[in-house]
Amino acid sequence: MSSRKKPAAAGSVYAPGPAEQKVAAHTIAVLVDNTPGILARVVGLFSGRGYNIESLTVAEVDAKANISRITVVTSGTPMIIEQIKNQLARLVPVHTVHDLTLEGPHVERELMLVKVVGTGEHRVESLRIADIFRARVVDSTTESFVFEVTGSSEKLSAFVKLMEPLGLAEVSRTGVVAISRGPTAIMKRGEAD
Amino acid sequence: MAQHKGKGRAAAAAAAKPDGQKPNGGRRMTGAEIVIRALADQGVDTVFGYPGGAVLPIYDALFKQNSVRHVLVRHEQGAVHAAEGYARSTGKVGVVLVTSGPGATNAVTGLTDALMDSVPIVCLTGQVPTHLIGNDAFQEADTTGITRPCTKHNYLIKDVNAMARTLHEAFYVARSGRPGPVVVDLPKDVQFAEGAYEGPADVRHKTYRPQTEPDAEAVERAVDLLEKAERPILYGGGGIINSGPEASRLFAELVAATGFPCTLTLMGLGAFPASDKRFLGMVGMHGTYEANWAMHDSDVMLAVGARFDDRVTGRLAAFSPKSKKIHIDIDPSSINKNVPVHLGIVGDCGTVLKRILESWKRRRAAPDHKALSQWWKQIEHWRKRDCLRYIASDKIIKPQYAIQRLFQLTKDREPFITTEVGQHQMWAAQFFGFEKPNHWMTSGGLGTMGYGLPAAVGVQMANPGKLVIDIAGEASILMNIQELSTAVQYRLPVKLYIINNQWMGMVRQWQELLHGGRYSESYTEALPDFVKLAEAFGCVGLRAEKPSDVDPVIKEMVKVDRPVVVDVRVDKTENCFPMIPSGAAHNEMLLGPADKAEKPVSEEGMVLV
């Protein structure tokens, strides 16, 4: 269907609202049953409906209740973001959907492994910068380092940029994980409901 | 299913205990026997299917019992459409049984159709044995992968002890909330394996519990808006039908209590009596002039179980620009999807209508009578345009005339009508009046040509002794004509009323309006002789070639207690009006052929479907 909405064009076809709706990134936490195919369901929903995925991470977080947590960073107008959340909530194995961006302060972190290959001054410089970024050396040879860096996505990108002239060989990133600040949890542990 | 493994095993151990159902005497059953037992316990009396290598154990179990009937279709797509017809005419879950590989892939169109039109279906598919999955085995397909985007949910059962529970859960998911199709993929070794049975009583889904009761405050705000409305419109959709006959009754009660005008979508026809003066006809692309203008000019719109589909809204920016919109839907993702609404109410239509009526009565609310009578005056003015009129002829059968006569001559029998897709479908929606819900089965969302005949088979299975008519086009009917053989085998006296203009009429109409009359591939050169075709299948064939033939042919068709194919040779050039060209607004309707020259379709509209 050629009339399938596209996030960028969506603002213009709706009735005149208060103002042109802005595209913004949202971090969404989705708690799901850890079943075969659940990730395919979530990813298929995004591709099938033309939504963006900027980052997606998934892992089991509660073995007793058999629950996995998917953290997805997506972008869209407020109306598209509402659609994404409703569509996610509609999937049968989904327990809850939380928009951490809207629900208040939260912490976002990402972990990255970076391989830098070089000798001499470049090697020393990379180690110096790694120190500034509080990166840890997790593997070392006489001609290479593997650094482990955690932090916001911006910090990680800045580190990659600095490593580029210093022999950057390989990058592996986890994507964003996030959790709300304060004492409230989005789901009681060990409970399936 | 991994998520139920724990519970499934626990349940297996406890299966000897009475579970609210008849205990099976401690006997372990095969997976195939569990399937049949679960269907029987779910109250299933009819299954539409087609056997094959990967479902032979289930067919064997089917052979040994009498509680579940099997209807052998001639193509798996037909099985799903038949189950849809069965489900939509009864409100029950339709059940399909097909084999692996091609059996499952052939079912995909039907499943997508059921998803788009929210029809509760449980489709059991055979699968190669678990040790062969992923091996490109004979007749293997990744059924759960293929059907993931076209089902509400699907399952692959790898453990026979999860079988009963998963099947009961599949029925629960299919019929709860916004109904939809659910696929259960059953590897052949699991059908042979022995396990314990578990009754449906204990099966409660872990996460899936749709909200049916509305937020009380939202209901009050809705009544506030309705009370103050000066130019109100009630806009009902297929959700009212899905909610059950009580929802239709409550919708009519709300119309009566408020005196507001109402319109229905294609999917909603029958939710309100078509003969009532307060019904403005169908809304949307081929809806009536008065319904579309009333939508456009309204100040308060109450959408009940309708989803603001692009066939209804026309150009979104110009859709009912002045109205405050209230949207009742059981599916939160339908609210604010296409059109931003002022008030979204999540809940079952029937329940929400009940709460609104309770509040309306408690407040002793009354509409703004002065404004309302002014509004009705305006609506009558639009109605006077008589938008469905056509130029009658005594030489050539007009398609509208053919359907009008069919309606007049059969309405006393309260027939069930199914359709294929195209011009005939729109004419049927315009000219056939429905007084009751569940009597109109058409492929609305997906627009599946070939839907009507198998759907009619399903409707007739569920409603023996009732008059079931498929209003068809000659192009659509050829897409699933093989199901005539099913109708004959089960002595189902379905009637095929083919509006035959030798064109893919709706394609031709769009080519005429949008592509300079270049009729690319829309004419069928070599049509079969439908009368002889009917006879070859063992049906009765009839033909109408001039207007005076129409009445006698319809009377004969209704009289014969066998499947009948009627070939109605109609005007080949007739177009379906009124029409909102794509990309246009409700108030830019074309009323007839004379209208089209003045308003060329915009380039923006051209790219829309």
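Modeller: The C-alpha centres of domain 1 and domain 2 of chain A are 29 Å apart. Domain 1 of chain A spans 19–103 and domain 2 spans 107–177, with bounds that come from an automatic or database domain assignment. This is a predicted model, in which local features need pLDDT of at least 70, side-chain atom pairs count only at pLDDT 80 or more, and totals for chains, interfaces and linings use all residues. Residues are numbered from 1 along each chain as its sequence is written, while chains are lettered from A and ligands numbered from 1 in the order in which they are written.

Between the two domains, 6 residues of domain 1 of chain A are in contact with 5 residues of domain 2 of chain A (contact requires C-beta atoms, placed from the backbone, within 7 Å of each other). On the domain 1 side that touches domain 2 of chain A, strand S2 (55–62) and strand S3 (67–76) of chain A each contribute at least two residues. Helices (H or I, at least four residues) and strands (E, at least two) are DSSP runs, numbered from the N terminus. The largest share of that side of domain 1, 3 residues, belongs to S2(A). By type, this side of domain 1 of chain A consists of 2 nonpolar, 4 polar and no charged residues. Here Ala, Val, Leu, Ile, Met, Phe, Trp, Tyr, Cys and Pro count as nonpolar, Asp, Glu, Lys and Arg as charged, and the others, Gly among them, as polar.

S2(A) and S3(A) belong to an open sheet of 4 strands, arranged in the order S2-S3-S1-S4 in chain A with antiparallel pairing (two strands pair if DSSP finds at least two bridges between them). Because S2 and strand S4 (94–99) of chain A are the edge strands with a single partner each, one side of each has no neighbour in the sheet. From one strand to the next, the twist averages 20°. Axes are lines fitted to C-alpha atoms, for helices over the stretch in contact, and angles run from 0 to 180 degrees between N-to-C directions. Within this sheet, strand S1 (residues 24–33) of chain A and S3(A) run antiparallel and are joined by 10 bridges; Ile28(A) has Val72(A) of S3(A) as its bridge partner. Helix H2 (residues 38–48) of chain A packs on the sheet against S1, S2 and S3 of chain A, at about 150° to S1(A). Helix H3 (residues 78–90) of chain A also packs on the sheet, touching S1, S3 and S4 of chain A, and its direction makes about 160° with that of S4(A).

Chain B holds a parallel sheet. Its 6 strands form an open sheet in the order S16-S15-S17-S18-S20-S19 of chain B. At the edges are strand S16 (440–441) and strand S19 (540–544) of chain B, each pairing on one side only. Strand S15 (residues 416–419) and strand S17 (residues 468–473) of chain B pair in the parallel sense over 4 bridges, and Ile417(B) stands opposite Ile469(B) in S17(B). Helix H22 (residues 530–537) of chain B lies across strand S18 (495–500), S19 and strand S20 (564–569) of chain B, at about 170° to S19(B).

Two helix pairs in chain B can be described next. Two packed helices are described by the angle between their axes and the distance between the axes. Helix H9 (residues 216–228) and helix H14 (residues 349–362) of chain B pack at about 60°, with axes 9 Å apart. H9(B) is therefore oblique to H14(B); angles under 35 degrees count as roughly parallel, over 145 as roughly antiparallel, 65 to 115 as roughly perpendicular and the rest as oblique. Their crossing is right-handed (left-handed if the near helix is turned anticlockwise from the far one by less than a right angle, right-handed if clockwise). Val219(B), Glu220(B), Ala222(B) and Val223(B) of H9(B) make the contact with Val352(B), Arg355(B), Ile356(B), Ser359(B) and Trp360(B) of H14(B). These residues divide into 6 nonpolar, 1 polar and 2 charged.

The axes of helix H12 (residues 289–297) and helix H15 (residues 369–383) of chain B come within 8 Å and cross at roughly 140°, which means that H12(B) is oblique to H15(B). H12(B) passes H15(B) in a right-handed crossing.
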